[in-house]
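Student: I'd like to learn how to read side-chain contacts in a model like this one. Can you walk me through it, one feature at a time?

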Amino acid sequence: SIMEPWAREMLDVWEAKIPEIAEATAAENRGLVGGYTAEDFAQMIRGARAMMAEELEGQPTGLREEYFDTVVPGVVAQGEKVTAMAASDISMAIRIAIAVLPTLSPQNKAAATEFFVEWQAKLLVQLIEVALAAGAKT
């Protein structure tokens, strides 16, 4: 399927900014149990981008399902608290938004921002629901 210009620009800028966002995220300790490096965060940011791209392209490859069926319960099994997971998710989403959205061309900024905010909100709600269902402590 043909992707909207705003979506393509947002994903391209996001891709280019991954190292910068990952470094900033790794520099602050969010109280996570796992000792995550900038490369770990880069992988998470790439994964989120891939999930969003999949949705924007309208061609699901099962990435989101794998994340919620396997990754999230695995992190919970390591003893991660849902509050720490949510804090990490929201701080990363804000960092991505700050790095990407203001740099988009004026004609694409509004649509990209609207989609990004809604998508991240739904992702966070699902993350919390899945983590709690997997037995995560608050």
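Tutor: Let's begin with a single side chain. Glu-15 has a relative accessible area of 38%, so it counts as partly exposed. Keep in mind that this is a predicted model.

Student: Which residue does Glu-15 meet in a salt bridge?

Tutor: The general idea is to look for a Lys or Arg side-chain nitrogen within 4 Å of a carboxyl oxygen of Asp or Glu. Here the partner is Arg-49, with 3.4 Å from N to O. Glu-15 sits in helix α1 and Arg-49 in helix α2 (residues 38-57), so this pair ties together parts that are 34 residues apart in sequence.

Student: And is Arg-49 buried or partly exposed?

Tutor: The cut-off for buried is under 20% relative accessible area. Arg-49 comes in at 15%, so we call it buried.

Student: How many salt bridges are there by this rule?

Tutor: The count is 4. Another one of them joins Arg-8 to Asp-12, whose closest N and O atoms are 3.2 Å apart. These two residues share helix α1 (residues 5-26) and are 4 residues apart, about one turn of the helix. Arg-8 is partly exposed at 34%, and Asp-12 is partly exposed too, at 41%.

Student: What about Arg-64: which residue does it form a salt bridge with?

Tutor: That would be Glu-55, with the closest N and O atoms 3.6 Å apart. Arg-64 is buried, its relative accessible area being 17%, whereas Glu-55 is partly exposed at 37%.

Student: Okay, on to aromatics. What describes a pair of rings?

Tutor: Two things: how far apart the ring centres are, and the angle between the planes. By the rule used here, the model has 4 aromatic pairs. Take Trp-14 and Phe-116: their ring centres are 5.8 Å apart and the planes stand at 65°, so the pair is edge-to-face. The pair links distant parts of the chain, with Trp-14 in helix α1 and Phe-116 in helix α5 (residues 106-133), 102 residues apart. Both residues are buried.

Student: How are the rings of Tyr-67 and Phe-68 arranged?

Tutor: Their centres lie 4.8 Å apart with the planes at 75°; planes over 60 degrees apart count as edge-to-face, so that is what we call this pair.

Student: Which of the two counts as buried, and which as partly exposed?

Tutor: Phe-68 is buried, at 4% relative accessibility. Tyr-67, at 22%, counts as partly exposed.

Notes
Residues numbered from 1 in each chain as written. Predicted model: local features only at pLDDT ≥ 70, side-chain atom pairs only at ≥ 80, totals over all residues. Heavy atoms only, no water. Buried < 20%, exposed > 50% of the residue type's maximum accessible area, 1.4 Å probe, protein only. Phe/Tyr/Trp six-rings, centres within 6.5 Å; stacked < 30°, edge-to-face > 60°.
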